[in-house]
Amino acid sequence: MSQFTDEELMRKVQEGYMVEGPEDMTEGYRKALRVQLTVQADTELMSAPSYWMAARYAPSTNTQVSAHAIIQDELAHANIAYRLLEDIGESKEHLVYGRQPHEFKHPYGFDQPLDNWAELVVATGFFDRAGITLLTDVHENTSYAPLKRALVKIGMEETFHLRHGEVWMRRLSKAGGEARELVQRAVDWMFPMTIEWFGLPDAMKRHSGQLDFKLKGLTNDQLRQVWMASTVPLCEELGLNAPAHWDNVKGEYVLDYPFPCQYDAVDKHWAFDEGEISWDSVFERWKGRGPMNEIYVESVQRSRMDVERWLAA
Amino acid sequence: MTTLSLPVVERRRHAGLPPAVTSHMSGGRDQWSPPLKEAPVDTVQGTWDLLQEVLDPEIPISLPELGLIYGVEFDDGVARIELTFTATACPCMEFIREDITDRLESEHWIDSVELTEVWSPPWTSDRITPEGRAKLKKLGVSA
């Protein structure tokens, strides 16, 4: 157990102290780290079946290779995060194979079906950009040294995912016609989906152990701004409509729709015209999980027990 | 592509946030020198020098440092590059080809680029140059 109290450790990490292992942690630090790593691991893990089911829409063997390389990276990144969780006393076996679908902590965006190649490439362009936005911040600011070291390679690999998304978004947009319409339709539901992913606005955010213990550096609103600062100009360059604009007076990106708002997962439609809803209703929707939640989790877990039984026979 | 990144950087500075998360500069595009005013005397060496600016899409070391370039010939405005990839399932083949072509064809003395894939001898990490190895070590990546 740590020789520090929570308050002492919070002060020390703000001064640059790096935590190397459980012996340096307080229980408060361990809990905050566990929550952050679980979200990170589950997000990487659940992106894999989501992309995997969409990879069948790849238009060539070469693009199949690229799509599967992304899936391979995501699984490896999940593996690293679960391994870090094992270091602080959690069980990877339980986390991956012992939980019910609704117990996973990945964002609602990875509970949605990706129904064509355009949706897969916008997902790598938007969702992976959210992932790299969050992880770059953690890499630059985290007080947990093993996580900082693990993120060096993860960051490099994620840039390839982004480029894959951007190159294909550009290609399909330039082609015009149906290709462009499909990209725009994907942007229409995935842009607000990613905005929501970053969570509660700072003004409503309860106390954040992650920031107090310097497990990350930027707030939810700052991370949303970082994501928009590269996503909105990309959409503008490609002639795609993104529901946000740069406000010169405020000096930040501003959303052009009520936030948060309701989402119809069947039609993949955000009800902008129905106005702002409460965050409690958003949490309720997240808690109910999305249409692919059980299918994605089942695809990861399904053979575990069978093969264990065969091997034990 | 460079024109896109400028307003982004400007806006972000204004917002007091860290550098943009973007892959527009993948392949080392932000470090590419402006095109040469005059063709180099040694066009083969000049082509190698340009390739030295093209970075791997995932790891920020150059393609020659990674040992992917097997040969360079130059003949009458045509740059012929023999290259390999780290694996037959390299997911970045297309990006690497695009980066080489974009960098070389930005030079007025290079009319076109011909890329030939070579799989023998196969690439191994032994092909990484000492300079490349030193950079990787600095990045915390073992080779």
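Q: What makes the radius of gyration of chain A agree with a compact globule?
A: The radius, taken over C-alpha atoms, is set against a rule of 2.2 Å times the number of residues to the power 0.38. For 313 residues a compact globule would come out near 20 Å, and chain A has 20 Å, so the two agree. Along the principal axes, the C-alpha atoms of chain A fill a box of roughly 65 × 65 × 35 Å.

Q: How do you know what to trust here, and how are things numbered?
A: This is a predicted model, where local features need pLDDT of at least 70 and side-chain atom pairs count only at pLDDT 80 or more, while totals for chains, interfaces and linings use all residues. Residues are numbered from 1 along each chain as its sequence is written, with chains lettered from A and ligands numbered from 1 in the order in which they are written.

Q: Why are β1 and β3 of chain B called edge strands?
A: Strands are DSSP runs of E with at least two residues, helices are runs of H or I with at least four, and both are numbered from the N terminus. Two strands pair if DSSP finds at least two bridges between them. The open sheet in chain B has the order β1-β2-β3, with mixed pairing. Its β1 (69-75) and β3 (112-117) each pair on one side only, which puts them at the edge.

Q: What angle does helix α4 of chain B make with β3(B)?
A: About 150°, with α4 (residues 93-105) lying across β2 and β3 of chain B. Axes are lines fitted to C-alpha atoms (for helices, over the stretch in contact), and angles run from 0 to 180 degrees between N-to-C directions. Helix α2(B) (residues 43-51) lies across β1 and β2 of chain B, at about 135° to β1(B).

Q: Where in chain B is confidence lowest, and where highest?
A: On the pLDDT scale, the predictor's per-residue confidence from 0 to 100, helix α1(B) (residues 2-15) is lowest with a mean of 41, and α2(B) is highest at 98.

Definitions and conventions
Contact = placed C-beta atoms within 7 Å.
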